[in-house]
Amino acid sequence: MTTPRVLDLFSCAGGAATGYHRAGFAVDGCDIADRPRYPFAYHRGDALEYLAHLITTGEIGRYTLVHASPPCQAGCALTVGTNQSQGWGGDHVQLIPELRALLDRSGLPYVIEQPTGKAPVRRDLSLCGEMFGLGVLRHRTFELGGWSTPQPAHPRHRGYVRGYRHGVYRDGPYVAAYGEGGGKATVTEMQSAMGITWTDVREELTEAIPPAYTQWIANSFLTARQEVLV
């Protein structure tokens, strides 16, 4: 069988990419920032422009699947309320409608990942760190284009996320892998909690999703594809 290949858009440091790699995919990443720690083949540039180029030239045909994790600040539950109260966020552009239109043009199955919040994505799949025994909760929503998979059971959380909330400190089995201070996780704690060891850049870790999520998605996709072929 030909090795499946995934195009990883808005790739950041490769949290999503590593999960696909572990499931047997070849991976090509694209991000607008320089990502020297990204562990796979990489194109630096605007993800939407690059996707449009691949479609126009026909090069998109070398891929089996597209994964996209566009910037979430315009619709993330952790930032929307704060942005409104402080008058921030006017420069956060919602890229998902344009991204989805390009993905539909590509003709390929796809995955769009976003934090649980107000982003305009279908909630075809929701994953949580507790499903994989991780040290973060990190709830994420996934829109699945051109394929589907059953939603796995969401196990009961074992306790609190460690840190301050509304002025009250609580201990717990999970760390907060975002921001700084207030009991938030250290870089080392984030690496351990999410299973990400190849970068020690805080900004990259706070934006990453655990590879366990996309390894599960990749295996589910391959199973669904095999069922269609049979």
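How far apart are the mean positions of the positive and negative charges of the protein chain? In this chain, the 21 positive and 22 negative charges have mean positions that are 6 Å apart. Good morning, and thank you for coming. Please keep in mind throughout that the model before us is a predicted one.

Let me begin with the overall form. The protein chain has 230 residues, and for that number a compact globule would have a radius of gyration near 17 Å; the value for this chain is 18 Å, so the two agree. Taken along the principal axes, the box filled by the C-alpha atoms is roughly 55 × 40 × 30 Å. The secondary structure amounts to 7 helices and 9 strands. Of the 230 residues, 47% count as buried. The chain exposes about 11,200 Å², and carbon and sulfur atoms supply 51% of that area. If we take the contacts between residues at least 6 apart in sequence, 56% of them join residues at least 24 apart.

I turn now to the interior. In soluble globular proteins, nonpolar side chains tend to be buried together. Here the largest nonpolar core contains 33 residues. Those with the most contacts inside this core are Tyr20, Leu65, Val111, Phe142, Trp147 and Ile217. Several elements give two or more residues to the core, namely helix 1 (15–22), strand 6 (125–127), strand 7 (140–145), helix 5 (187–194) and helix 7 (211–229). Which of them gives the most? It is helix 7, with 5 residues. Apart from this core lies another, of 23 residues, including Ile55, Leu102, Leu103 and Ala119.

With residues up to four places away in sequence not counted, Tyr20 touches Val6, Phe25, Val27, Leu65, His67, Val111, Thr214, Gln215, Ile217 and Ala218. Leu65, Val111 and Ile217, which Tyr20 touches, are also among the residues with the most contacts inside the core.

Ala17 has its place in helix 1. Is Ala17 buried or exposed? Its relative accessible area is 0%, and therefore Ala17 is buried. Beyond four places in sequence, Ala17 touches Asp8, Val27, Tyr38 and Phe40. Ala17 and Pro39 are 22 residues apart in sequence, yet their C-alpha atoms are 8.4 Å apart in space.

Let us move to helix 5. In this helix, Met190, Gln191, Ala193 and Met194 are buried. An α-helix has 3.6 residues a turn, so residues three or four places apart point the same way. The cover over the buried residues of helix 5 includes helix 6 (202–207) and helix 7. Just after helix 5 comes Gly195, with a positive phi of about 75°.

That brings us to backbone angles. Most residues other than glycine have a negative phi. Phe10 is not a glycine, although its phi is positive, at about 55°. This residue lies in the loop between strand 1 (5–9) and helix 1. With a relative accessibility of 15%, Phe10 counts as buried, because the cut-off for that word is under 20%. His166 is likewise a residue other than glycine with a positive phi, near 55°. The loop that holds His166 runs between strand 8 (163–165) and strand 9 (168–170). Why is His166 called exposed? The reason is its relative accessible area of 75%, because exposed means over 50%.

Finally, I would point out two further loop residues. Arg35 lies in the loop between strand 2 (26–31) and strand 3 (41–44). Arg35 counts as buried because its relative accessibility is 10%. Neighbours within four places in sequence aside, Arg35 is in contact with Cys12, Ala13, Tyr42, Glu203, Glu204 and Glu207.

Val121 lies in the loop between strand 5 (110–115) and strand 6. With a relative accessible area of 13%, Val121 is buried. Its contacts, again leaving aside neighbours within four places in sequence, are Ile96, Arg100, Ile112, Gln114, Thr141 and Glu143. How many residues separate Val121 and Thr56 in sequence? They are 65 residues apart, and the distance in space from C-alpha to C-alpha is 25 Å.

Thank you for your attention.

Notes: Residues are numbered from 1 along each chain as its sequence is written. This is a predicted model: local features need pLDDT of at least 70, side-chain atom pairs count only at pLDDT 80 or more; totals for chains, interfaces and linings use all residues. Side-chain values use heavy atoms; hydrogens and water are left out. A nonpolar core is a set of buried Ala, Val, Leu, Ile, Met, Phe, Trp, Tyr and Cys residues joined through side-chain atoms within 4.5 Å. Buried means under 20% relative accessible area, exposed over 50%, partly exposed in between (1.4 Å probe, protein chains only). Helices (H or I, at least four residues) and strands (E, at least two) are DSSP runs, numbered from the N terminus. Contact means heavy atoms within 4.5 Å. The radius of gyration is taken over C-alpha atoms; the globule rule is 2.2 Å times the number of residues to the power 0.38. Accessible areas come from the Shrake-Rupley method with a 1.4 Å probe; for residues, only the protein chains shown count as cover. Lys and Arg count as positive and Asp and Glu as negative; His and the chain ends are not counted. The place of a charge is taken as NZ of Lys, CZ of Arg, CG of Asp or CD of Glu.
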